[in-house]
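Here's a quick walk through one model, with a look at a domain interface and then at a ligand site. Grab your viewer and follow along.

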Amino acid sequence: MEKGSYSFANIIIDISHEKVDRPFQYRIPEKLQGKIEPGSCVSVPFGRGNTKRCGYVLEITDVPQFDPEKTKEILGIEEGEMSAEGIMVQLAAWMRKNYGSTMINALRTVIPVRKKSKTLLRRYIKLGVSVEMATDFYDSCVKKHQVARERVLNALLENPSERIPYELVTGKLNVTAQVIRALSEKGIIIVESEEYYRNPVGDVSASGKQITLSTEQENIVRSVISDYDNGVRQTYLIHGITGSGKTEVYIKMIDEIIERGKQAIVLIPEIALTYQTLMRFYRHFGERVSVMNSTLSPGEKYDQARRASEGDIDIIIGPRSALFTPFPNVGLIIIDEEHESSYKSETMPKYHARETAIELAKLVPGGASVVLGSATPSLEAYYRAMKGEYKLFELNRRLTGGTLPEVEIADLREELRSGNRSIFSRSLQEKIQEALDMGHQIMLFINRRGLAGFVSCRSCGYVFKCPHCDVSMSEHRGGMLVCHYCGYTQPVSKNCPECGSKYVSAFRAGTQQIEKEVNKIFPKARVLRMDADTTRTKGSYEKILSAFASEEADVLVGTQMIVKGHDFPNVTVVGILAADMSLNASDYRAGERTFQLLTQAAGRAGRGTHPGSVVIQTYQPDNYAIISAAAQDYQSFYEEEISYRSLLRYPPAAHMLAIQIWAKDENFGKERANKLRAYIDRMQILGTVIIGPAFAAISKINDIFRMVIYVKHEDDKALTEIKDMLEKVLNVWESKGVMRYLQVQFDFDPMNFM
Ligand code: ADP
Ligand code: ZN
Ligand code: ZN
């Protein structure tokens, strides 16, 4: 072999978070050329004694780090079944390739931070006194407004013989360690600790009541499990309204999978990881289940990973990152609320948990099944289901009883015409008053996203849209309207081009304003407000929700945060004050997001015994997203939406790559962005649509200018090819020092527009 023509592999031995950026370089012998790829498990001579060790290939390169003659050679490829670690490295390699990032960043995403190992303790609280005494004590707490104590006792009294995991009390019930200490000093509760390993099958016994699945539920479970037993591995989508029994289906499937000696990963959006949901899993699975929260420290996360890899638990529940739990034998991955945008990572690699789960399911030994669930499936998932890539199940019945709420659309143009200038339509005002009179609760909800800024006519509902991209334009300084995909601009006109009225303006409304208005019109109502301002401190989110749940307020005003997770049986009226806010967010997912938010919000009303009613206020009562949400008709929404996406080649009908360019110097950034575009042009890939560079929606943050190029193509492989080419360009720029002044990120099928 000629000197200099060697190829090399950067290999990590003894993989851990801290060591991923200290790989060792080995030479790839001729017989292994082409057989090794990132993620491969190889044996290498290591250290002074050249002991044989196993390592994982991170990268293949032709750039030697040392004298190639002195670089040691790889001995061979390790055969046999992949370890959990090896699978994670392979998954990282896949993420690197498909989403664009460095191998190091991809590895850091999938590998937990290691910490010094110590004995793992698991703590519980339980009642230390009789139920009668505890009830008396509870009553006295209620009188003294000791709400934290109230919450603890309430949870314990619900099932007096049951222990509750400590982390649920401090985390989900939002009770401080001091409160727990005070209660245990009084002897009211007992805190128990036990070494985790000594007692794998503990006595948080499955005390949950036995539920017999309905025929529809049973069919889903049987279908998935018999596929599994027949060696069929695929992705399933359960489309089922809230309360239709999806969670029970998951629990049953997990039962079956565990019986087969496998493990299960359950992804739930962080915001929906409520105490009630988690307790359902704890009640059923006892100590075999654990929770991953974003609030866990790196050490605690490492503990969870260790428990999983050592076979101490079978089920992990958590947000997107729980996907990387190193179970030895995953059989089932469940993604609940599959449509949630939090399943997409906002940092490199910008992976989507759904796609990554499907890839992981292919990599694990024997393969795993993937089950997606949602009341409002993402267009992506439903589209795949329609094409037969996923198997679709429907659950259409609410099992909780309670009727679906009555939904009314209030036409705000009509309100204006009749001289009503308040934020509330007359109908909503009446309903609020009625609910207050009855002692029921009300949720008022504004689906505000980032900067609103779209411009519309309050008289006829006309919205200024980009003629090229069919998304709303935003108002910028100097009275210009700008499209955030293509950069098209036009001046705001004084009169409506549709009806000629002069009520043309940017749309603005906030939670504070609504709170004020409620105080003005309903001075006796007690109001709680939940938005970014009131939830800044830790635990405040849970605090507001539990205050509302215990009926310390009549009205809860908030952003989309309030529509998820929690169940408030006393809420009978839900008002969506301006559906237009999300409808006119200037990105192609606006319709989908509106449909989801409206459906979820509507589902908040009438959960208990009283029937609920929902008022959707809008200037565009004819919009299909609003009409189909009011009718709770997913199918007709889907049909309209997918034809819009197909027409304009937006995902999932095509794929889209966003290339974000950040630079401190505006001109330099523009120049480089134009160069990147020119490189893409030069590839001349048939069917490519290139838009931009244009300024991002937020064109400058912390003095850094942000530009975006969008590339659309039917085939995602074409986009990966473009990304690979650009990565090469960036590597060259890096070696020339250009990247010191520039940052470039890739985002495939972006969820949030930038
Ligand atoms: P989803 O996850 O779709 O919102 P859940 O699984 O939480 O629905 O079910 C809603 C409610 O109905 C829960 O209180 C649950 O215990 C109950 N439930 C679910 N399946 C059944 C069943 N087969 N029989 C009786 N109750 C059920
Ligand atoms: Zn008009
Ligand atoms: Zn445009």
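By class, the domain 2 side touching domain 4 has one nonpolar, one polar and two charged residues (Lys and Arg, like Asp and Glu, count as charged; Ala, Val, Leu, Ile, Met, Phe, Trp, Tyr, Cys and Pro as nonpolar; the others, Gly among them, as polar). How many salt bridges link domain 2 and domain 4? The count is zero, going by a Lys or Arg side-chain nitrogen within 4 Å of an Asp or Glu carboxyl oxygen.

## About the model

This is a predicted model: local features need pLDDT of at least 70 and side-chain atom pairs count only at pLDDT 80 or more, while totals for chains, interfaces and linings use all residues. Residues are numbered from 1 along each chain as its sequence is written, chains are lettered from A and ligands numbered from 1 in the order written, and side-chain values use heavy atoms, with hydrogens and water left out.

## Around ligand 1

Of the 16 residues around ligand 1, Thr 212, Gln 217, Gly 243, Thr 247 and Arg 280 come nearest (a residue qualifies if one of its heavy atoms lies within 4 Å). A backbone N or O atom of Thr 212 sits 2.8 Å from a ligand 1 nitrogen, and one of Lys 246 is 2.9 Å from a ligand 1 oxygen.

Definitions and conventions
Polar contact = N/O pair within 3.5 Å; in protein donor to acceptor, adjacent residues only side chain to side chain.
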